[in-house]
Amino acid sequence: KKISQKFKGDRKYFSIVFFVLIIIGVSGIVTESLINKTKQNWDNILTEEISRIEESIKNDFNNKQNDLHNKLNVVRQDLKISLKPENESYKELVKLINNKLFDNYSIEIFAPNGKLIAWNHIIAINQDELFPLSFPLGETYFLSNDLLTYLSVIDTVHIQSDIFYLAISTPIEEKLRLNNKYLATKSFENEIAQKNQIDLSIDYSPYTEKSSDGRTSSFELLNSKNHKIGMVSFLKPLLSYAVNQIKDTASKIQSLLVVLAIFFAGFGLNNDFRKLDSYLFRFILLFIYLAALRALIFIVGFPTNFVNGALSDPSFFSSPFGWGIVKSPIEFFTTIVFIVLIAIQIFRYTRKYLYSARQNKFGIGGIFVAAILSVFIFLILRGVSASIKSVVFDSTIRYFKEPNILPDLPSLAMNLNMLLLSFAIVLTIVGI
């Protein structure tokens, strides 16, 4: 009981602050220990990291190969039905390969004499490119033209005494890159580079040799028959990068702990804060505290540096106001939360002051205060109009042009932000 009594009231908040400060100190020691351990065991760590990256890339590529073979089997089974002797026309055949299931695939069907008889979308393999075969039947390989590189496979379909040739391809790399964020491009290279956070290059040729550069690690891309069809080369992870990652992670954790310490310190001072008689002085202190807390959160990069995705993407919304304090939808939301807190306190303190005042005197001083408050209200309304203008013109979100009943996440976040901002403004004006 004696111990629990010592941590009652404000003491429990200051105890939390004390322990948070201890954790910050311990985290610094742990960080240095991790850095030294990484430096000492870097050779082993590097070997494991290279193996992990290679396995990750191979798994992703094998998934694409397996998916291609699965689609090939689906088409093959359906072809045996569509190419029965009683089906004199190719109507069912064309309908089959134009199924939505194969929207992301190029399918070509060749007659026994090599003539192209059916295809869908863009033709990946032309009639004169079928023979001689680039790779043995049933094996995946890379097929390149001026615009695209495909992952392709050619196989046969036996129907009675005839042998039809079936080719199916999926685009894996676009050679022509357009700088347009609204146009998605196919790039297996970029996909695995972003996933593994590495610089790499893929040569879609079975004749490429491994890089002799000691800074680069290379390995072969193998098809389902373990035949080489390409080469992947990527820069080996650097010790300096690994050390910087440890320091960056530790810095983020320590920054959050500092924010928590200030947050709980504010709760610890709550009782002393409530003892103040002047509502104006209370509001000034609260405003300074919330402004300092918001500035600190912005400096440490929370929540942008801790949240990935559309909400932290400045391409949807970014305003230069306050040195970037509303540089993304989630930063805008964080700022709005603090504005709402201030607006609630303005409303509360104003109501309490009016109810506690015994006499309301509207002399010259009252008229002067009313004039100042009127100007302040007009400034608030001017701020609202500027905010609405910024939300519309500093944003790439098409608020009223999308036909979706439920908006996407960035649009929903920005609508919520404007709703909260409007609520805060109305509450402030009513309170004043």
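Strands here are DSSP runs of E with at least two residues, helices are DSSP runs of H or I with at least four residues, and both are numbered from the N terminus. Two strands count as paired if DSSP finds at least two bridges between them. In general, strands of a sheet pair through backbone hydrogen bonds, either parallel or antiparallel.

Strand 1 (residues 106-110) runs antiparallel to strand 5 (residues 162-174), and five bridges join the two. Along this pairing, I109 stands opposite L166, while S106 has S169 as its bridge partner. Strand 1 also pairs with strand 2, again in the antiparallel sense, over three bridges; here E108 is partnered by W119. The hairpin of strand 1 and strand 2 has five residues between the strands, and G114 in this hairpin takes a positive phi near 90 degrees.

How much of strand 1 is buried? Five of its five residues are, so strand 1 is largely enclosed by the rest of the structure. Buried means under 20% relative accessible area, exposed means over 50%, and partly exposed lies in between (1.4 Å probe, protein chains only). As a rule, the side chains of a regular strand alternate between the two faces of the sheet. In strand 1 both faces are covered, with S106, E108 and F110 buried on one side and I107 and I109 buried on the other.

A second open sheet has three strands in the order 6-8-7, also with antiparallel pairing. Strand 6 (200-203) and strand 7 (216-222) are its edge strands, each pairing on one side only. Neighbouring strands of this sheet are turned against each other by 20 degrees on average, direction ignored. Seven bridges connect strand 7 with strand 8 (residues 228-235) in the antiparallel sense, and L221 stands opposite G230 in strand 8.

Helix 5 (residues 188-196) shows two contrasting sides. F188, E189, I192, A193 and N196 are buried in this helix. Seen down the axis of helix 5, these buried residues fall within an arc of 130 degrees, so they line one face of the helix; the arc is that of the directions from the helix axis to the C-beta atoms. Q194 and K195, on the other side of helix 5, are exposed. Just after the helix, Q197 takes a positive phi of about 55 degrees.

Charged side chains come next. A salt bridge is a side-chain nitrogen of Lys or Arg within 4 Å of a carboxyl oxygen of Asp or Glu, and by this rule the count comes to eight. One of them joins K71 and D67 at 3.1 Å, N to O. Both residues lie in helix 3 (residues 42-82), four residues apart, about one turn of the helix. K71 is buried at 13% relative accessible area, whereas D67 is partly exposed at 30%. Another salt bridge, between D155 and R76 (2.5 Å, N to O), links distant parts of the chain: D155 is in strand 4 (residues 148-159) and R76 in helix 3, 79 residues apart. Both D155 and R76 are buried. In helix 6 (residues 239-268), D248 and K252 are four residues apart and form a salt bridge whose closest N and O atoms are 3.6 Å apart. D248 is partly exposed at 40%, and K252 is partly exposed at 24%.

Taken as a whole, the protein has 11 helices and eight strands, and 37% of its 432 residues count as buried.

Residues are numbered from 1 along each chain as its sequence is written, and side-chain values use heavy atoms, with hydrogens and water left out. Because the model is predicted, local features need pLDDT of at least 70 and side-chain atom pairs count only at pLDDT 80 or more, while totals for chains, interfaces and linings use all residues.

How values were computed. Axes are lines fitted to C-alpha atoms, for helices over the stretch in contact, and angles run from 0 to 180 degrees between N-to-C directions.
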